[in-house]
Amino acid sequence: MSSVHAKISGVGKYLPEYVLTNKELETMVDTNDEWIKSRTGISERRILKGDNLGTSYMAERAANAALEDAGVDADEIDVIIVATVTPDYLFPATACLVQKRIGASNAYAFDLSAACSGFLFALSTGGNFIESGRAKKVLVIGADKMSSIIDYTDRTTCILFGDAGAAVVLEETQEETGIIDYIHHTEGDEDCMLYQPAGGSVRPATKETVEKDLHYIRQDGRAVFRKATEGMSDVSLEIMKKNDLAPQDVAWLVPHQANLRIIDATARRMGIDRNKVMINIDKYGNTTSATIPLCLVDWKDQLNEGDNLVLSAFGGGLTWGSIYLKWAM
Ligand code: ACO
């Protein structure tokens, strides 16, 4: 194992101003506040409005906030990774646009696509750059404009998702802190349980794909729910066992926010009390790559140096994983 670790030295977020409430959704599709809250835990979510504003708009603002929090100048950054499934364009990568706009002139930049596990996979990738000695400072951003791929006439998906961006700065440390371990899994979703049918190279955009609404998210909600509950619980327990962590050793579970029932099932399986679980799904819904760093920003003032955090996520791909990190700020 490397004696160099990657610690989080700054966090930042950007949330669009527009609040889409369950009440407003009641006017758009056949749903109700009670159903949404009891089945998902969501009360409201943010939506990015405005012409020509994409994921990079939120990523850039979250990145600047994280750099300020870390006291790091943009030109000190070696690598920028943006986890997203809603890039501004298929190419160039959203990370490249962010690199230019924040003035990270010494960084190279790329996007990483792992749906709701995107931030976890990006964080461990950034950590590996630092542990290998190839980079000293890495900016890891999770940002998604989910509203750009949601069909607001489909009540089974439009209630779930929101838009946001959040970021962390990773820096090297010689202490036994920061990212200690991770476990990631993939099971290729050939059955298309959760996907966006068109817009890629199999079905490029045509008049027909647009008319058939093939550019929106499609998911088999029940099947994904079962897989997510099992996958997130299993991998969280796996990382605890691998690192000899008893429930009382875990200061916080930082779960991906897809559904409150999935979060509760994961915490129960780990033996963790609700009051040690970061939950903000009620305010933001599922913001895909942004949920976990958003939690870190919202709970920052309650975190103490040396706290053991277990970060866990499940998402499209199918992808899932956990990171064990010791808080070092
Ligand atoms: N309002 C009212 N009724 C609804 C709504 C709604 N918004 N949506 C569905 N219903 C109805 C259904 O039509 C169904 O009616 P029926 O029984 O008459 O057929 C009934 O409610 C129950 O539907 P289910 O799909 O069984 O509801 P469920 O309890 O499974 O909740 C949900 C649906 C919230 C989507 C859940 O399955 C879920 O959270 N799935 C996992 C999502 C997830 O984790 N995705 C992964 C991350 S996303 C990513 O990676 C990009």
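Analyst: A polar contact here is a pair of N or O atoms within 3.5 Å; within protein, one must be able to donate a hydrogen and the other to accept it, and residues adjacent in sequence count only if both atoms are side-chain atoms. This is a predicted model, where local features need pLDDT of at least 70 and side-chain atom pairs count only at pLDDT 80 or more, while totals for chains, interfaces and linings use all residues. Residues are numbered from 1 along each chain as its sequence is written, and side-chain values use heavy atoms, with hydrogens and water left out.

User: OK, which side chain does K227 make a polar contact with?
Analyst: The side chain of K227 makes that contact with the side chain of E187, at 3.0 Å.

User: And where is K227 placed?
Analyst: K227 sits in helix α7, residues 221-242, where helices (H or I, at least four residues) and strands (E, at least two) are DSSP runs numbered from the N terminus.

User: What else does K227 touch?
Analyst: Leaving out residues up to four places away in sequence, K227 touches M193, F314 and L318 as well as E187, with contact meaning heavy atoms within 4.5 Å.

User: Switching to the sheet, what is the strand order?
Analyst: The order is β8-β13-β12-β11 in an open sheet of four strands with mixed pairing, two strands being paired if DSSP finds at least two bridges between them. β8 (178-186) and β11 (252-255) stand at the edges with a single partner strand each, so one side of each has no neighbour in the sheet.

User: How many bridges join β11 and β12?
Analyst: Four bridges, in the parallel sense, and W252 has L309 in β12 as its bridge partner.
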